[in-house]
Structure formats: structure tokens, C-alpha cells
Amino acid sequence: MKKDIILAGVGGQGILSIATVIGKTALKKGLYMKQAEVHGMSQRGGDVQSNLRISDSPIASDLIPTGKCDLIISLEPMESLRYLPFLNKEGWLVTNETPLINIPKYPSEEDLKKAMEKVPHKVILDVDNIAKEVGSARVANIVLLGATIPFLGIDYDTMKQSVREIFERKGETIVEMNLKALAAGKEIADKHLQ
Amino acid sequence: MSKILFLGDEAIAQAALDAGLSGVYAYPGTPSTEITEFIQGAPITAEKKIHSRWCTNEKTAMEAALGMSFVGKRALVCMKHVGMNVAADCFINSAITGANGGIIVVAADDPSMHSSQNEQDSRFYGDFAMIPFFEPSNQQEAYDMVYNGFEFSEKIGEPILLRMVTRLAHSRSGVERKEQKPQNEISFSMDPRQFVLLPAIARQHNKELILKMDDFVKASEESPFNKYIDGPNKKMGIVACGIGYNYLMENYPEGCEYPVLKIGQYPLPKKQLMKLVKECDSILVIEDGQPFVEKQLNGYLSLGIKVKGRMDGTLPRDGELNPDSVARAVGRENKQDFPASPIVEVRPPALCQGCGHRDMYTVLTEVLNNEYPTHKVFSDIGCYTLGAGAPFYAINSCVDMGASITMAKGAADGGFFPSVAVIGDSTFTHSGMTGLLDCVNSEVNVTIIISDNETTAMTGGQDSAGTGKLEAICSGIGVDPKHIRVVVPLKKNYEEMKQILRDEINYNGVSVIIPRRECIQTLARKKKQAKS
């Protein structure tokens with residue numbers, strides 16, 4: 001088992017919280033992992049990414065080679081496209097559909113749609129709205145995480161357990177809301193696969 | 001013991017704590033900041049009274065660590081690579097004094113300049129100081145090097161240097177801890193003049209240090225961090241330094257066809273290098289950063305064995321290594337299945353919405369552009385450097401910590417007006433105060449804006465050494481208190497801010513304007529903490 005994952009977004013969106021859950025789950029499963037993050041200057045509203053590699057055998061590089069990425073997880077649509085050269089032919093792209101526009105030359109809705117159409121394996125979802133339906137805009141990242149479950153190669157139960165452990169100290173209501181968010185994301189991906 | 005998920009930086013911090021650390025000394029700087037933050041947050045730090053407060057700059061950090069070593073205790077010094085330039089005076093001289101308690105200096109290099117103004121390679125500093133230095137390839141090695149490093153430092157009686165790179169500092173992986181060691185007791189050198197570098201004594205120490213070099217090479221030859229891994233294809237031998245080794249092995253999951261010498265400890269292990277050169281037709285050097293090893297092996301005249309690397313174009317001359325560039329260097333190519341999307345635009349970092357620096361720049365650019373069109377603004381290192389970009393395009397320089405004030409002075413000395421400096425509070429206390437004294441003593445005509453957000457914001461909101469003291473520092477240095485002006489950078493105060501700016505630019509002398517409003521990020525964090 002080997003999964004190379006790129007997490008993408010804009011500084012401040014919190015892509016690392018998604019990485020934390022996947023990382024914790026991978027360790028529970030006794031898998032090897034390496035996770036390269038971006039800290040510092042780019043966190044101020046610039047593009048940010050994290051390379052997350054999990055495997056049942058030792059991992060050499062902290063960075064994913066071109067064309068070897070299995071899964072791009074993005075909180076922002078244009079940012080998901082930034083890493084396409086890394087995606088392998090069978091790889092999946094799971095992204096939030098709502099643009100975060102903080103630059104003057106952001107691509108048009110139509111161009112964005114056309115570019116997305118060129119990616120064969122993808123799940124595009126409105127994580128913010130789903131999060132609100134579940135109970136709070138703050139669980140948007142967990143909704144997105146849920147939508148990646150069919151592609152992660154890690155079972156749902158262990159993932160749920162990790163979410164529970166990470167949010168436990170914030171109380172049962174928060175735990176339940178995050179589990180609901182995870183389920184809502186997963187449901188969308190499952191439907192898409194059917 | 002089970003493995004714990006650590007950033008490279010955290011692995012260093014944990015190792016130092018486990019090895020009986022008595023104090024960490026540091027100034028924040030990407031990618032080194034998380035080392036000190038981890039130590040500050042560790043329960044053992046408060047329990048065992050381990051020193052962990054931030055220092056004013058890297059030089060004060062290095063000197064305090066040497067003082068701790070003087071009394072026999074173990075000290076860690078952490079900084080980003082350019083911090084080494086600030087600490088260099090003490091760092092180089094600490095090799096001449098030698099260490100009593102163990103000292104490890106961590107220099108976190110930033111190849112590709114993710115958050116820096118150059119990509120200098122700290123291994124040159126290790127070589128320059130003539131001390132052993134280390135370069136981990138993964139988080140576990142970073143841990144082991146630091147855990148064992150204090151003892152090694154004490155054994156050889158010298159500080160040692162650990163060179164990190166951004167990719168490892170900010171990458172997480174599982175690390176196995178070792179048993180907790182106690183702190184050293186206070187003890188002194190047998191030689192009462194060990195730390196007295198009068199020329200006569202320093203000359204003697206220098207000779208002794210040179211004599212130790214053979215032992216350092218021998219230590220490298222016997223080091224578990226330097227490994228010779230044989231391969232069947234002798235057309236090429238590969239020297240893979242630090243994380244360069246990972247990128248190489250990414251291409252050879254079943255083992256490399258060429259003999260590989262993995263380097264983690266310097267000076268270079270001569271015995272293994274000679275073996276590689278003897279057995280192979282050419283050498284490829286894979287190293288992140290500048291061509292430090294390649295230059296040594298190649299020599300100026302390239303008269304020996306063919307050496308390939310960054311100098312001959314086998315690898316890119318600049319920028320950090322990655323699995324793709326290293327694949328190309330061994331004759332492979334990682335193919336793209338999807339082309340880069342042409343619609344993707346660059347998304348540069350920007351000042352946060354609501355940040356006080358924004359209000360400062362709004363007023364500054366309006367007054368300067370309209371009323372003083374020939375102005376120049378000399379700026380500095382911090383969040384406010386982002387004033388260089390849209391929508392402000394406000395600054396004309398950003399060079400090194402504190403250079404805003406001194407460059408503004410030099411320009412004014414040259415007869416230029418109006419010469420304006422923009423510096424942050426933490427950068428001001430780091431290296432701006434001495435420049436301000438120069439301004440006062442020269443009675444130069446400059447307007448200095450200390451944009452005070454009461455924190456070291458760019459690196460994530462660490463304590464700022466001058467918080468609550470800036471006016472006193474400026475007047476103590478000799479700035480006329482009438483020309484130390486404090487304002488709150490908010491929209492409602494724009495007219496007042498503009499008038500103060502005009503008055504102080506027109507004043508023929510040193511003026512300091514302090515727009516002061518807390519960083520919105522640290523403020524939000526405090527509010528969140530108060531809530532929970």
C-alpha cells in the first residue's frame with residue numbers, strides 16, 4: 001500500500017488540519033509516513049501545499065515526484081489545478097468548488113470549469129455549504145476529508161476513530177458534528193463513484 | 001519505544017530535551033522557529049527550569065549559549081541561515097575558545113529561498129570555523145545527531161553545528177526517542193584562561209584546533225551517519241549529502257546500482273571518499289544548497305577524477321533539490337501525465353486584511369506619492385516587507401535585519417531628502433537600535449517608522465524584545481522626545497497620521513514615528529485562548 005497525496009489551498013484555510021487526521025490514522029495503521037509542510041511567509045494568503053506520503057514500506061523522499069501523486073485534496077479550485085503535473089494518470093482530484101479570490105487575475109468561472117473538465121477522475125463539492133448544513137462552517141475541512149475516504153486506502157472506521165480522538169477534548173457535541181461532516185463528505189464521494 | 005510524529009525541528013527540540021539540555025537560545029526565523037517553540041511548550045522545560053525565552057538576536061543567543069557552556073551545562077542555539085551572519089562573530093570565536101558544556105548550533109538553511117533573501121549554505125560556516133558539523137537526511141537522524149551531539153561536543157571540547165534545510169525542518173515523520181538524561185552540574189574548565197582570547201592565547205588555541213582536524217576526520221570515518229553502500233555499476237560513484245540521499249533513493253526503491261557514499265557528518269570522511277574515487281570512473285555529488293562538497297572534490301583546476309553536480313549542470317546550479325532534478329541527474333525522467341494548467345495564476349502572500357501595517361502604508365504612500373514624489377523608503381525584514389507588492393509598492397529596499405535605518409542614514413548622508421525608513425518592532429531591537437545611535441550621533445535628517453505590532457509576526461507571533469520599551473529605547477539613544485511620535489494605525493486616525501508624517505519629514509533631524517496596534521493574528525489567538 002502506498003499513497004502519495006498533495007494537500008492544497010490558500011494560507012489560512014487550514015489544509016494542515018486535514019493532514020493531521022490522515023497522518024494520525026496512518027500511524028494507527030502502523031504505516032510509514034512523511035509529510036512536508038509549508039510554514040512561514042506563504043501562510044499570509046499565498047498558495048500553500050503539503051506533500052503527504054503514506055506507505056507500508058519505508059519512504060525515501062519527503063517530496064512527491066512529478067506524475068506520481070495519487071490524490072490531490074484541495075480547499076480551493078484553482079489551487080487544485082496548480083499541482084496537476086504531479087498527478088498520475090489514475091489519480092483523483094477532490095476539491096472544494098468555491099473560489100477564494102484574493103488576487104486581481106483570478107481565472108473566470110468558465111475557464112476554471114473547462115480546466116476541471118480535463119481531469120478524468122474528480123470529485124468537486126461545495127464543502128462550505130455542506131458544512132453549514134451539518135452544523136458549522138468550521139467543519140468544512142472535515143467534509144472535504146470525508147470525500148477523500150474512498151481514495152485513501154485507509155478504512156472508514158479507523159478514520160472515524162482518529163477524528164474522535166483529535167476532537168475529544170473539545171466535547172462530545174464537537175466530536176459528533178465532525179463525524180457527521182466526515183460522513184457527509186464520504187456520502188458525496190460514494191454517490192459519485194456509483 | 002513507539003514512534004512519535006515529529007517535524008524535523010521538533011525532533012531536534014525533543015532530542016535536546018532528552019539529552020539534558022539546560023537552555024535554548026534563539027531568535028525566530030523560518031525554518032528554525034519551531035525548535036524553540038517546541039521546547040517552550042514542553043512540560044519538562046518549566047519543571048526543570050530550562051531556559052527558553054527568545055533572545056534579542058542571534059548574536060546574543062550564541063553568546064549566552066557560550067556562557068552556559070562555560071559553566072559546564074548543555075546549550076542549544078537555533079537560527080535560520082542568515083542568522084549565522086549575525087551570530088558569526090561569537091560562533092567562529094567559540095571554535096577558538098572551545099566548549100566546556102556541550103553546545104549545538106542549529107542553522108536552518110532555506111534552499112530555494114521560500115522565506116529568505118539568499119540561499120547561503122551553512123556548511124561553509126562549519127568549515128570556516130574548523131569544527132565538526134552534521135547534516136541529517138531524516139527526522140530520526142536529526143534526533144540522534146542532537147541526542148549524541150552534546151556528548152560529542154564535550155568529548156572534543158568544541159561546539160558542533162547541525163545544518164538543517166527547510167524541507168526537513170518542516171516535514172513530519174515517526175521518531176523513536178531515547179532515555180532521558182539529567183542536566184549537567186555546574187563545572188568549569190581546567191584551564192582558567194580557556195575563554196580569554198588574548199592574541200597570545202588565541203594563537204595557541206588556534207594551533208590546537210588545527211591539530212584536532214585529523215581526529216574530526218577520523219570521527220567522520222567512523223560515524224554511523226556516513227555510510228558506504230556498494231553497488232555493481234562502477235561507472236559512477238555517488239556522494240549523497242543530507243536529504244539529497246532521499247531524493248536519490250526515491251529513484252532506486254530496490255537499491256542503487258551505483259556505489260553510494262551517504263554523508264551526514266563532516267569534515268568529509270577521507271577513507272570512504274578515497275575508496276569511492278578508486279573504484280569508480282566518475283563522481284556525482286548530490287547536495288541540497290550550494291556546491292560545498294562538489295567544489296572540494298573538484299578542486300579549482302578540475303585535474304582529478306570527473307566530478308559532476310551543480311557546477312557542471314548535471315543538477316541545477318541554484319534552488320533546492322527535488323526527486324525530479326535528482327532523477328534527471330541519474331539519467332531518468334519523471335513523466336507528466338497532465339500538463340500544467342495555463343489558467344493557474346501566482347498567488348503571492350499579502351498583508352492580512354485589518355493589519356496595522358496596511359494602515360501605515362496607506363497613509364505613508366498617500367503622503368509621499370502626492371507631496372514628496374522624489375522620496376525613497378528603505379525597509380526591512382518582516383511582514384511589512386510585503387509592502388513591496390500590490391497595492392502599495394511602497395518600499396525601495398529590503399536587505400538584512402536593521403538595514404532600513406542605516407541605509408536611510410547613508411542616503412541622507414549623501415544629501416538625499418526625504419529619506420524614510422520602515423522597520424518592525426522586533427527587527428528594530430534585533431539590529432536597528434545601533435543604527436539609530438549612528439543617526440543620532442550624525443544628526444542626520446531621517447524619518448524612521450517603527451511599525452509596532454507588539455510581536456514577531458512573520459514567524460508566527462513570538463515575543464518581541466522591545467514590547468513596551470520602544471519610546472524609552474529611542475529617547476535613551478538620544479532621539480529628541482518631541483520627535484518620537486506614537487499613533488494608532490486605524491482609518492479614523494488617518495488625518496492625524498498624515499499630519500504627523502508631514503511634520504516629521506519636514507523636521508531636519510532624526511524623527512521616529514511609532515504606529516502601534518497589535519498584530520491581528522496574535523490578538524485573535526489571545527481572544528480564542530481566553531474563551532476556551
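In chain B, strand β9 (residues 237–241) runs parallel to strand β10 (residues 260–263), and four bridges join the two. One pair to look for is B:Ala240, which stands opposite B:Lys262 in β10(B). Keep in mind as you explore that this is a predicted model.

**The five-stranded sheet of chain B**

- β9 and β10 belong to an open sheet of five strands, and its order is β8-β10-β9-β12-β13 in chain B.
- The pairing in this sheet is mixed.
- At the edges sit β8 (227–229) and β13 (306–308) of chain B, each of which pairs on one side only.
- On average, neighbouring strands of this sheet are turned by 20° against each other, direction ignored.
- Helix α11 (residues 270–279) of chain B lies across β8, β9, β10 and β12 (282–286) of that chain.
- The angle between α11 and β10(B) is about 155°.

**The domains of chain B**

- The domain assignment gives chain B a domain 1 made of 4–181 + 195–220, a domain 2 covering 227–329 and a domain 3 covering 356–523.
- Taken over C-alpha atoms, the centres of domain 2 and domain 3 of chain B are 47 Å apart.

**A buried strand, β16 of chain B**

- Six of the six residues of strand β16 (residues 419–424) of chain B are buried, so this strand is largely enclosed by the rest of the structure.
- In a regular strand, side chains alternate between the two faces of the sheet.
- Both faces of β16(B) are covered, with B:Ser419, B:Ala421 and B:Ile423 buried on one side and B:Val420, B:Val422 and B:Gly424 buried on the other.
- Strand β14 (residues 376–379) of chain B pairs with β16(B) in the parallel sense over three bridges, and here B:Val377 stands opposite B:Val420.
- Strand β17 (residues 446–451) of chain B also pairs with β16(B) in the parallel sense, over six bridges, and here B:Ser419 stands opposite B:Val446.
- Together with helix α16 (residues 425–442) of chain B, β16(B) and β17(B) make a right-handed β-α-β unit.

**Where chains A and B meet**

- The contact takes 42 residues from chain A and 41 residues from chain B.
- On the chain A side, α1 (15–28), β2 (32–36), α2 (77–82), β5 (87–96) and α3 (109–117) each supply at least two residues.
- The largest share of that side, four residues, comes from β2(A).
- By type, the chain A residues that touch chain B divide into 19 nonpolar, 13 polar and ten charged.
- β2(A) is joined by three bridges to strand β7 (residues 171–175) of chain B, and the two run antiparallel.
- Within this pairing, A:Lys34 has B:Ser173 in β7(B) as its bridge partner.

Notes: Residues numbered from 1 in each chain as written. Chains lettered and ligands numbered in written order. Predicted model: local features only at pLDDT ≥ 70, side-chain atom pairs only at ≥ 80, totals over all residues. Domains from an automatic or database assignment. Pairing = 2+ DSSP bridges. Axes fitted to C-alpha atoms, helices over the stretch in contact; angles between N-to-C directions. Contact = placed C-beta atoms within 7 Å. Buried ≥ 20, exposed ≤ 12 C-beta atoms within 10 Å, placed from the backbone. Right-handed = clockwise from strand over helix to strand, strands pointing away. Nonpolar A, V, L, I, M, F, W, Y, C, P; charged D, E, K, R; others polar.
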